[in-house]
Amino acid sequence: MTKAAIIVLAGTDGHENLGRLANGLEAAKEFAENDDDELELIFDGAGTQWIPELEDEDSDYHELYQTVRDDTAVCDYCAGAFGVEEAVQDAGLVTVDDHDGHPSIRSLVDDDYEIITF
């Protein structure tokens, strides 16, 4: 059994960040497809900006996102800081705020998750 926490930090500006998003979603999908693996996909920092686009059915990455959506969480503080709090709430996504409004990386490490960032 593998436990992976994939954290998308890349914002929506620039082609390189689109590549990071695509690679993060593909990596998450690989873990999600294996019933023996545990996956946490977390949009953190500027990465929270992707949520409105990924929720849009016309987005190029909507279908891929849907394959891992059930394993998705969003940094509570960052959703507000980057102006996507309403989109996150409308999507019904889980927000994490266990370390001063942010996800606790230490807790994930303590729970034996491999941390992978994009």
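This is a predicted model: local features need pLDDT of at least 70, side-chain atom pairs count only at pLDDT 80 or more; totals for chains, interfaces and linings use all residues.
**Core packing, the parallel sheet and the cysteine pair**

In the largest nonpolar core, which comprises 23 residues, Leu25, Leu41 and Phe43 are the members that touch the most other members. At least two residues of this core are supplied by each of β1, α1, β2, α2 (50–55), α3 (62–66) and α5 (85–91), and the largest share, five residues, comes from α1.

The strands form an open sheet of five members in the order β4-β3-β2-β1-β5, and their pairing is parallel. The edge positions are taken by β4 (94–96) and β5 (114–117), each of which pairs on one side only. On average, and with direction ignored, neighbouring strands of this sheet are turned by 30° against each other. Within the sheet, strand β2 (residues 38–43) and β3 pair in the parallel sense over three bridges, and Phe43 has Val74 of β3 as its bridge partner. Helix α1 (residues 15–32) lies across β1 (3–8), β2 and β5, and runs at about 160° to β2.

The contacts of Leu41 can be set beside this arrangement. When neighbours within four places in sequence are left aside, Leu41 is in contact with Ile6, Val8, Leu25, Ala28, Val68, Asp71, Thr72 and Ala73.

Thr72, another partner of Leu41, is found in strand β3 (residues 72–75). This threonine counts as buried because its relative accessibility is 5%, under the 20% limit. The side chain of Thr72 reaches the backbone oxygen of Val68 at 3.0 Å.

The cysteines Cys75 and Cys78 were considered next. Cys75 counts as buried, since its relative accessibility is 0%, and Cys78 likewise counts as buried, at 7% relative accessibility. Cys78 lies in helix α4 (residues 76–81). The sulfur of Cys75 has its closest cysteine sulfur in Cys78, at 3.2 Å, and this separation is too far for a bond, because a disulfide requires the two sulfur atoms to be within 2.5 Å. Cys78 is accordingly in no disulfide, the nearest cysteine sulfur being that of Cys75, and the count of disulfides by this rule comes to zero.

Leaving aside neighbours within four places in sequence, Cys78 is in contact with Asp44, Gly45, Thr48 and His102. The C-alpha atom of Cys78 is separated by 9.0 Å from that of Gln49, although the two residues are 29 residues apart along the chain.

Note on methods. Residues are numbered from 1 along each chain as its sequence is written. Side-chain values use heavy atoms; hydrogens and water are left out. Helices (H or I, at least four residues) and strands (E, at least two) are DSSP runs, numbered from the N terminus. Buried means under 20% relative accessible area, exposed over 50%, partly exposed in between (1.4 Å probe, protein chains only). A polar contact is a pair of N or O atoms within 3.5 Å; within protein, one must be able to donate a hydrogen and the other to accept it, and residues adjacent in sequence count only if both atoms are side-chain atoms. Two strands pair if DSSP finds at least two bridges between them. Axes are lines fitted to C-alpha atoms, for helices over the stretch in contact, and angles run from 0 to 180 degrees between N-to-C directions. Contact means heavy atoms within 4.5 Å. A nonpolar core is a set of buried Ala, Val, Leu, Ile, Met, Phe, Trp, Tyr and Cys residues joined through side-chain atoms within 4.5 Å.
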